Amino acid sequence: MSRDRLLRWWRALRYLIVELGAGFASLGFIIIGLAMTPLLIFSGGWLIAPLIVRPLRWWAGLARERNSRHRGGSIQSAYIPLPTSPSMESSLRVTFSRSTGRDLLWLLGHGLITPVVTLLTIAVPLSVVNSLLVPAYWYLAPAGDPISSPYPVTSWAAAAWMPLVALGYALIAWWLVPGIAFGLRWVQVAALTPGKKARLSERVTALTASRAAALDAHSAELRRIERDLHDGAQNRLVSVVMMLGMAERSLENHTDGALPQLRRAQEAATDALAGLRTMVHDIYPPCLDELGLEGSLSAVAGSSGVPCTLEVSGLHRMPAAVESAAYFVVAEAVTNVNKYSAATRVNVSVTCDSSDPEDMLHIVIEDDGRGGAVERPGGGIAGIRRRVEAFEGTVQLTSPVGGPTVMRVELPCGW
Amino acid sequence: MRVVIAEDDALLREGLALLLRSEGFDVVAAVDNADDFLALLDDTDAAVLDVRMPPTFTTEGLKAAETARRRRPGFPVLVLSAYVEDRYAGQLLAEGAAGLGYLLKERVGKVAEFVDALRRVADGGTVMDPVVISQLLSRRRADDPIRSLTPREHEVLALMAEGLDNTTIAARLVVTETAVSKHIGNIFAKLGLSTSDSGSRRVLAVLAYLRT
C-alpha cells in the first residue's frame, strides 16, 4: 500500500465531503428556487430572470471548478452573455437556453441525490472508526443495552469480533470511496459539460453578441478619436490659420501687431503638434508592438517618479484596441499619481482571469497619497472613463481626502 | 456693428473676438454655448456661431441659429464649422437665405474675405462655403442641364451660389462686370431660372436649383 494511493484515497474522501456540503447547498438553492417560481411567473418574471440565472451560473461554475480541481482537467462552459439591459426577449432567451436547462438539471440531481450518496459513502469509513470504538461503548454503556452495529453487541465476546468488522468496513471503504468519488465526478462532469450541439449553438450566440458589442465598441472608439481630433488638433490649426491671417492683415495695414500674432500662431501650432503626438501615441502606443502590454506597463512603472510596483498575471493576447486602452489607463493613472497625489508609492496590478467566462481585465492602481481626487470634465480621470466605457468597461475611483486613492478598472478583453 | 460670438474652444473664441474687434466690430460677448448666445439675442446685430458646442457637441450651433431666426426673422447668423455638409446648409436655408452664412472654420484665415462675408451676412446677404457648393455641383445627374454649362459659366455659377455679387465675381475671375452679367444671363437661361432675382434671392434660387 503506497503512500500515493493512500493520498488518493484521502483526496477522494475529501471530495465526497465537499460534495456533501455542496449538495446540501444545492438543495437550499432548489428550495429557494421553488419558493420563488410563482413569483417569477406572476410578477413579470423576465425582469428578475437574470437575477436567478446569474447565481445558478455562479453555482454551476463553482461546481465545474471543484470537479476540475479534483483529478485535473477543465470543464468548459458555454453561456450566452447575460443581457445588460433586461429586455423581455433576451431575458427569455437566457432563461430558456440549453445551458440554463442543463444547469437546472444538474442542480436537481446534485441537490437531491448527491447528499444521500455521499452521506452513505462517507458513513463507511466512519463505521470503521465506530466499529473499533464499539468495545469502549460496550464498556461504558449500561449493561443489557445492546449496541447497534451489524449485529447487536451484548457481550465481551461479541465486542471482541469488532476489529474484524472494522477491517471489513475498511476494505469496503477502501474500494467504495474512490469508486463513488469517481462515479460522482463522472456524472457531474457529464451533466456540467455542455453537449456538442449546445456548445456550438451557444458559442454562435455568444459570438454574435460579442461581435455586435465589438462593433459598438469600435464605433464608440472611432467617435472618441474623432472628438479628440476635432477638439484638439483641428481647432488648434484653425487658430493658427486665424492668427496668421491677422498677422498678414497687420503687415498689410502696416500696424505693429504682426509679431505677437506670429508668435501666438507658432504657439498654437506647437500646441496642435503636441496634441497630435499625444493622440497618435494614445491610439496605439508604439511600445505595445515592441514590448507587448506587460513590457510596456513595466516601462511605465519604471519611468514613474513615485516608486511604482507592478503585478501582472494571466495576461494573454488581447485585441490591440483593448491593449492600448489598458496601457492608456495605467499610463494616465500613474501620471496623475506623479502629478497630484504626493504619494510615496504606487501599486499597479493588472490581472486577467481566463477561467472567468466574461474574460475581464482587472486593473487596480493604488497609491498612498493625499487622496481627494475628483473627476473633472476633460480631466485625466474623465479621459480614462471615456476610453474604458467605449469598451463597456467600468471605472471605480475611491479617493477620500487624506488617501489612499484606489482606482479599479475592468475592461472586457475577450471580444 | 454689435456681434456675439459663440464658440466652445477658448483659444478660438478669444482669437475671433480679437480679430473682429481689430476689424472694427463691436464684440458684445464671446460665449461658449448656445444658450448664453440666445440670452443675448436682443442686444446684438449679428452672430458668429460654431456648429458643435456643449452639451452634445453635435449641431447645437445650427439649432441655435434656427431658434434665433425664428425669434428674430432674418437675424444675421454666420455659422462656422470644422466640416461643412450640404444637408446642414439645406437645413439652415429652409427658412430663408437672407442674412445667412455657412463657412468652414479655416476661412477665418483670409481675414479680409471673412470680414467681408460677415458684413454681407449682416447686410442681409447670403454666404455659402465653396465646399458646400462643390458638394452640390458634384452630385448632379447625367442629364442635368448644368452639364451644358461652359467651364466659365460653371465657375460663375459656383461663385454666385457662394453669395458673391457681380462686381466681386468679376474681380475674382479677372473679367469685366459686363462679361459676368452675360454669363449669368446664359446660366439662368440654360437652367430655366428667372433673371429678375438679385442678391440673396438669386443665391437662394441657385441653391434651390442645386439642391433639387
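## Chain A overall

A residue counts as buried here if 20 or more other C-beta atoms lie within 10 Å of its own. By that criterion, 29% of the 415 residues of chain A are buried in this predicted model.

Chain A contains 12 helices and 5 strands. Taking contacts in chain A between residues at least 6 apart in sequence, 74% join residues at least 24 apart.

## The sheet of chain A

The 5 strands of chain A make an open sheet with mixed pairing, in the order β1-β2-β3-β5-β4. Each of the two edge strands, β1 (308-313) and β4 (394-398) of chain A, has a single partner strand, so one side of each lacks a neighbour in the sheet. From one strand to the next, the twist averages 10 degrees.

β1(A) pairs with strand β2 (residues 346-352) of chain A in the parallel sense, over 6 bridges. Within this pair, Thr309(A) is opposite Asn347(A) of β2(A).

## Helices on the sheet

Helix α10 (residues 286-302) of chain A packs on the sheet and touches β1 and β2 of chain A. The direction of helix α10 makes about 165 degrees with that of β1(A).

Helix α12 (residues 380-389) of chain A also packs on the sheet, where it touches β4 and β5 (405-412) of chain A. The angle between the directions of helix α12 and β4(A) is about 155 degrees.

## Contact between chains A and B

Chain A and chain B each give 15 residues to the contact. On the side of chain B that touches chain A, helix α1 (residues 10-22) of chain B gives the most, with 5 residues. By class, that side of chain B has 7 nonpolar, 3 polar and 5 charged residues.

Conventions:
Residues numbered from 1 in each chain as written. Chains lettered and ligands numbered in written order. Predicted model: local features only at pLDDT ≥ 70, side-chain atom pairs only at ≥ 80, totals over all residues. Helix = DSSP H or I, 4+ residues; strand = E, 2+ residues; numbered from the N terminus. Buried ≥ 20, exposed ≤ 12 C-beta atoms within 10 Å, placed from the backbone. Contact = placed C-beta atoms within 7 Å. Nonpolar A, V, L, I, M, F, W, Y, C, P; charged D, E, K, R; others polar. Pairing = 2+ DSSP bridges. Axes fitted to C-alpha atoms, helices over the stretch in contact; angles between N-to-C directions.
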